Amino acid sequence: MPIPPIRIRTKIVITITALVVLIFSLFITIVHRHIAGALMTEVERSGLAVTATFSQMATPFILASDYISVLDAAGQVVATSDIRAISIWSVDGRLWLSTTPDAPKTLDRQPFHASVIESRTPYQRHVHHDTLSCLEITAPIVALSKVRYLLTVEYALTSLDRQMNAIGKEIAFLSIGMV
């Protein structure tokens, strides 16, 4: 039995439906990327602010070698935020303090760390620990115009990932409802 030809009206409906689905898919992708970028920028901005504040607060205690006060303050910050770990390294790469017991005893110095020391400004990068995605901010601790220590603060991005997944689902449901 021969297949009946598709009517022109059906072809037009299929074509328009395909175009609408394509346009909404493009819209979803653009909006999702824009929101993700805005949220990441906000996380980076607040991370830099918290890192700078902790650095300023801890510097006198670090220079006085008051290990207990710095560890207590770092522990409180980690316990009440999305911060995964706070570590303080000497410029030569030896661990001075860490809120995680499994932290390496020496810093694997990379050009990233040299840039922080040379510029005397905080730098950030994305790192992964097993399945956990983190934003790592490294800031110099300066005394007498010389970098003495490096402060590393790692922010877990799990809550950001959860937010992005929820927003993506909401956008998808709205788009499906509009089609």
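Which residue in β4 is the bridge partner of Arg-125? The partner is Glu-136.

The model is predicted, so local features need pLDDT of at least 70 and side-chain atom pairs count only at pLDDT 80 or more, while totals for chains, interfaces and linings use all residues. Residues are numbered from 1 along each chain as its sequence is written, and side-chain values use heavy atoms, with hydrogens and water left out.

**Sheet**

Helices (H or I, at least four residues) and strands (E, at least two) are DSSP runs, numbered from the N terminus. Two strands count as paired if DSSP finds at least two bridges between them. Five strands make up an open sheet in the order β2-β1-β5-β4-β3, and the pairing is antiparallel. The edges are held by β2 (95-98) and β3; each has a single partner strand, so one side of each is left without a neighbour in the sheet. On average, neighbouring strands are turned by 25 degrees against each other, direction ignored. Axes here are lines fitted to C-alpha atoms, for helices over the stretch in contact, and angles run from 0 to 180 degrees between N-to-C directions.

**Helices**

Contact means heavy atoms within 4.5 Å. Helix α2 (residues 67-79) lies across β1 and β2, at about 155 degrees to β1. Helix α3 (residues 111-119) lies across β3, β4 and β5, at about 155 degrees to β3.

The structure holds 4 salt bridges (a side-chain nitrogen of Lys or Arg within 4 Å of a carboxyl oxygen of Asp or Glu). One of them joins Glu-42 to Arg-45, with the closest N and O atoms 3.2 Å apart. Both residues lie in helix α1, 3 residues apart, about one turn of the helix.

**Pockets**

On a 1 Å grid over the protein atoms alone, a pocket is an open set of points where a 1.4 Å probe fits, with protein on both sides within 12 Å along at least five of seven lines; lining residues have an atom within 4 Å of a point. Grid points are joined across faces, edges and corners, and a volume is the space filled by probe spheres set on the points. For the classes, Ala, Val, Leu, Ile, Met, Phe, Trp, Tyr, Cys and Pro count as nonpolar, Asp, Glu, Lys and Arg as charged, and the others, Gly among them, as polar.

| Pocket | Volume | Lining by class |
|---|---|---|
| Largest pocket | about 350 Å³ | 5 nonpolar, 8 polar and 6 charged residues |
| Second largest pocket | about 240 Å³ | 8 nonpolar, 5 polar and 2 charged residues |

The largest pocket is lined by 19 residues, and Trp-89, Pro-104, His-129, Glu-136 and Glu-154 lie nearest its centre. Strands β1 (83-90), β3 (123-129) and β5 (146-156) each supply at least two lining residues, with the largest share, 4 residues, coming from β1.

The second largest pocket is lined by 15 residues, of which Val-43, Ser-46, Asp-82, Tyr-155 and Ser-159 lie nearest its centre. Two or more of its lining residues come from each of α1 (8-63), β5 and α4 (158-178). The largest share of this lining, 6 residues, is from α1.
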